[in-house]
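Please open the model in your viewer and keep the sequence beside it, so that each selection can be found in both places. The tour goes from one stop to the next, and at each stop there is something to select and something to look for.

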Amino acid sequence: MFDVLVIGGGNAALCAALSAREHGAQRVLLLESAPRNERGGNSIHTRNIRVKHDAPMGHLTDAYPEEEFFEDLLRVTGGKTTESLARQVIRASQDCPPWMQKHGVQFQACLGGTLHLSRTNNFFLGGGKALVNAYYRSAEQLGIEVRYDSPVDEIEVNDGEFKAAWIAKPNGPRERVTAKTVVIASGGFESNRDWLREAWGPAADQFLIRGCRFNMGVLLKDLIAKGAQSIGDATQGHCVAIDARAPMYDGGIVTRIDCVSLGIVVNKHAQRFYDEGEDFWPKRYAIWGRLVAQQPDQVGYSIIDAKAQGRFMPPVFPGETANTIAELAEKIGLDAKALEKTVADYNAAVVPGQFDHAVLDNCHTEGLTPAKTHWAQRLDTPPFTAYPLRPGITFTYLGVRVNDQAQVLFDDYSPNCFAAGEIMAGNVLGQGYVAGVGMTIGTVFGRLAGEQAAKAAATITVNLKHSESSKAAA
Ligand SMILES: Cc1cc2nc3c(=O)[nH]c(=O)nc-3n(C[C@H](O)[C@H](O)[C@H](O)COP(=O)(O)OP(=O)(O)OC[C@H]3O[C@@H](n4cnc5c(N)ncnc54)[C@H](O)[C@@H]3O)c2cc1C
């Protein structure tokens, strides 16, 4: 029997497995549903982790104290967070970078064009893929067993106590695996189209999945069906506007379209529908997926002129370009007259100011609905460029309720079933997002869940030995 069974193969699962080993668990097994060449879940797409610190730390500049981190979280979640758990995550985040480095993760200076993240976010050298690979290497060195192509489709629990997990097999009967404790770190349900449709309606058919295809929420559903308490709302998640030409899965970061605040965005009727300059892009990019999802056919077009070129992170696919708005409309399949009118109305409403993309400048529109409140410049310098947009779902927030020991709550907290990462992120993130906090939650709770699972397994071992020796004496 295994001491600790870890289900999942991304950041949270790996942190849990490594931590369980470090805390004395002898036999640790990690089950990853993906094949080896696709291992690592959404974590392979990440670039950074948000970290609290009271003085400069490695590449992190200045200080980012607990209170400021918490206020940032409170603002984006609108108060939908469990304060005690959020603060626990924030406090423990400071200890993460040295631990990550011990397991082979390297950091680099903040990437250019990422706007003001150098103080708050620690960037991974080589991105999330390098991080995941480093953890798998460390796991191998520590003797952690890893099995790929091993999707778990059911957890056996009795009164909240974990008994066994079932691995689905493509051809043949399922396999039952027993362990003293389990850490479930199998992500959200963002890859499950049917579930997305239940939450979002038919609009979900147009969603692109920014991460992996394996996060189907199978165990989230199974746990809730077996009495685990849920937290959060199925319609809440992280959803950004990405290039409509992105692949269905794993488009990752390069399909993000980051020029929204530099131009205008229209729907398929060539109408604007939201203030593109409401706030700094890092604070607003995560609302645009939802905004595009609310448009007819869930499509939008981000349109800029030559003045915007070079001011944003270039997306992987080149935009459509043209020397006139009418020609651009034709190329992207919009009504030319309608787009010309939208651009003309917008241009007429622009009140020239001092353009500065690094501050909330005074370039705005007047008498236009919706207004553009900052960085409003006329679209008057060809060539004009358009990028088609679709909602791109990053991850979902509905999860299982946990306590400060990462134990899953059934009627009571489970003695041996723990959760970490996206599957419990809703305890901290009820809505909204602050960049880098997904990895903070997964790393802190992954480490914690691994530690607690190892300790619980040790207790169970002692109890088993005790009852065996009592039997022998009798
Ligand atoms: C494009 C993109 C960029 C992102 N950038 C950042 C960033 O820079 N910083 C940040 O903090 N967050 C970022 N995120 C969010 C971040 O990826 C997640 O918060 C984090 O990776 C979650 O880790 P996890 O281990 O819970 O889930 P995942 O990394 O998704 O891992 C889940 C694992 O579970 C496995 N699995 C699923 N179901 C089963 C099953 N039934 N049986 C066995 N295994 C199963 C999957 O194969 C996968 O390996 C980004 C996400 C995306 C998509």
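Pro383 is found in the loop between β17 and β18. The model you are looking at is a predicted one, and in it the peptide bond that joins Pro382 to Pro383 is cis, with omega at about 0 degrees. Now select Pro370, whose place is in the loop between β17 (364-365) and β18 (384-396). Here too there is a cis peptide bond, which joins Thr369 and Pro370 and has an omega of about -10 degrees.

For a distance to check in the viewer, take the C-alpha atoms of Asp380 and Phe280, which are 100 residues apart along the chain and are separated by 23 Å.

**Second stop: two aspartates with positive phi**

Most residues other than glycine have a negative phi. Select Asp62, which is not a glycine and yet has a positive phi, near 50 degrees. The place of Asp62 is in the loop between β3 (48-50) and α2 (66-77), and this residue is partly exposed, with 13 other C-beta atoms within 10 Å.

Next select Asp149, another residue that is not a glycine but has a positive phi, in this case about 50 degrees. Asp149 lies in the loop between β6 (145-147) and β7 (152-158), and is partly exposed, with 15 other C-beta atoms within 10 Å.

Select helix α1 (residues 11-22) together with helix α5 (residues 127-141), and turn the view until both axes can be followed; the two helices pack at an angle of about 25 degrees, with their axes 10 Å apart. Angles under 35 degrees count as roughly parallel, and therefore α1 and α5 are roughly parallel to each other. Their crossing is left-handed. To see where they meet, show the side chains of Asn11, Leu14, Ala17 and Leu18 on α1, and those of Val132, Tyr135, Tyr136, Ser138 and Ala139 on α5, as these residues make the contact. Sorted by class, the contact of α1 with α5 has seven nonpolar residues, two polar ones and no charged ones.

**Last stop: the whole protein**

Finally, clear the selection and look at the whole chain, in which the secondary structure comes to twelve helices and 21 strands. The radius of gyration is 24 Å, close to the 23 Å that the globule rule gives for 474 residues, so the protein is as compact as a globular protein of that length. Along its principal axes the C-alpha trace spans about 95 × 50 × 35 Å. Of the 474 residues, 52% are buried. Among the contacts with a separation of 6 or more, 75% are between residues 24 or more positions apart.

How values were computed. Residues are numbered from 1 along each chain as its sequence is written. This is a predicted model: local features need pLDDT of at least 70, side-chain atom pairs count only at pLDDT 80 or more; totals for chains, interfaces and linings use all residues. Helices (H or I, at least four residues) and strands (E, at least two) are DSSP runs, numbered from the N terminus. The radius of gyration is taken over C-alpha atoms; the globule rule is 2.2 Å times the number of residues to the power 0.38. A residue is buried if 20 or more other C-beta atoms lie within 10 Å of its own, exposed if 12 or fewer, and partly exposed in between; C-beta atoms are placed from the backbone. Two residues are in contact if their C-beta atoms, placed from the backbone, lie within 7 Å. Axes are lines fitted to C-alpha atoms, for helices over the stretch in contact, and angles run from 0 to 180 degrees between N-to-C directions. Angles under 35 degrees count as roughly parallel, over 145 as roughly antiparallel, 65 to 115 as roughly perpendicular and the rest as oblique. A crossing is left-handed if the near helix is turned anticlockwise from the far one by less than a right angle, and right-handed if clockwise. Ala, Val, Leu, Ile, Met, Phe, Trp, Tyr, Cys and Pro count as nonpolar, Asp, Glu, Lys and Arg as charged, and the others, Gly among them, as polar.
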